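Have a look at the structure below and turn it around a few times.

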Amino acid sequence: MAYQTRNVVDTMQKDSGIKIPDLRVDGGASNNNYLMQFQADILNITIERTKILETTSLGAAFLAGLAVGYWKNTDELKHIFKIGQAFEPKMSDAERDKLYSGWQRAIKATQVFAHD
């Protein structure tokens, strides 16, 4: 999951020209501290896990509240977000590059077996 997320984040940054300074996460997988630390390491950015792990319904409520004027704009919602835990990258650049290169080699190796 962490490598796939890096693929997506790298593509987003390349296509938009905007550096992503941190990543906010929620959901079941975000409850895994090892995964969140590895994600921070492989992306080399801070991972911020919300205090509320399941925010899908909360997001729907936010959108509904915005639609009916309960909140004036998204700036008002930014104050509601609370970080439960942050994970800072700790991995060396050399180790990060080695691991990610191995992931990319594995992906290329599996493509040998792909059929059209």
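Let's begin with Tyr-34, which is exposed in this predicted model. Its relative accessible area comes to 66%, and anything over 50% counts as exposed. Now find Phe-38, which is buried, with a relative accessible area of 15%. Why are Tyr-34 and Phe-38 separated by about one helical turn? They're four residues apart in helix H2, and that makes about one turn. In general, an α-helix has 3.6 residues a turn, so residues three or four places apart point the same way.

How many of the eleven residues of H2 are buried? Nine of them are, so the helix is largely enclosed by the rest of the structure. Among the buried ones you'll find Leu-35, Met-36, Gln-37 and Ala-40. What does the covering? The elements over those buried residues include helix H1 (2-16), the strands E1, E2 and E3, and helix H5.

Take H5 next, which spans residues 93-111. The axes of H2 and H5 come within 9 Å and cross at roughly 100°, which makes H2 roughly perpendicular to H5. On the H2 side, Phe-38, Asp-41 and Ile-42 make the contact, and on the H5 side it's Arg-96, Leu-99 and Tyr-100. Sort these contact residues by type and you get four nonpolar, no polar and two charged. So Phe-38, the buried ring we started with, turns up again in this contact, because it is one of the residues of H2 that touch H5.

Now for the strands. E1, E2 and E3 form an open sheet in that order, and the pairing is mixed. Strand E1 (22-25) and strand E3 (83-87) sit at the edges with a single partner strand each, so one side of each is left without a neighbour in the sheet. On average, neighbouring strands here are turned by 20° against each other, ignoring direction. E1 runs parallel to strand E2 (residues 46-50), and four bridges join them. For example, Asp-22 has Thr-46 as its bridge partner in E2. H2, residues 33-43, packs on this sheet and touches E1, E2 and E3, and its direction makes about 145° with that of E2.

One last stop: Ser-30, in the loop between E1 and H2. Is Ser-30 buried or exposed? Its relative accessible area is 2%, and under 20% means buried, so Ser-30 is buried. Leaving out residues up to four places away in sequence, Ser-30 touches Val-25, Met-36, Arg-49 and Leu-53.

Definitions and conventions: Residues are numbered from 1 along each chain as its sequence is written. This is a predicted model: local features need pLDDT of at least 70, side-chain atom pairs count only at pLDDT 80 or more; totals for chains, interfaces and linings use all residues. Side-chain values use heavy atoms; hydrogens and water are left out. Two strands pair if DSSP finds at least two bridges between them. Helices (H or I, at least four residues) and strands (E, at least two) are DSSP runs, numbered from the N terminus. Axes are lines fitted to C-alpha atoms, for helices over the stretch in contact, and angles run from 0 to 180 degrees between N-to-C directions. Contact means heavy atoms within 4.5 Å. Angles under 35 degrees count as roughly parallel, over 145 as roughly antiparallel, 65 to 115 as roughly perpendicular and the rest as oblique. Ala, Val, Leu, Ile, Met, Phe, Trp, Tyr, Cys and Pro count as nonpolar, Asp, Glu, Lys and Arg as charged, and the others, Gly among them, as polar. Buried means under 20% relative accessible area, exposed over 50%, partly exposed in between (1.4 Å probe, protein chains only).
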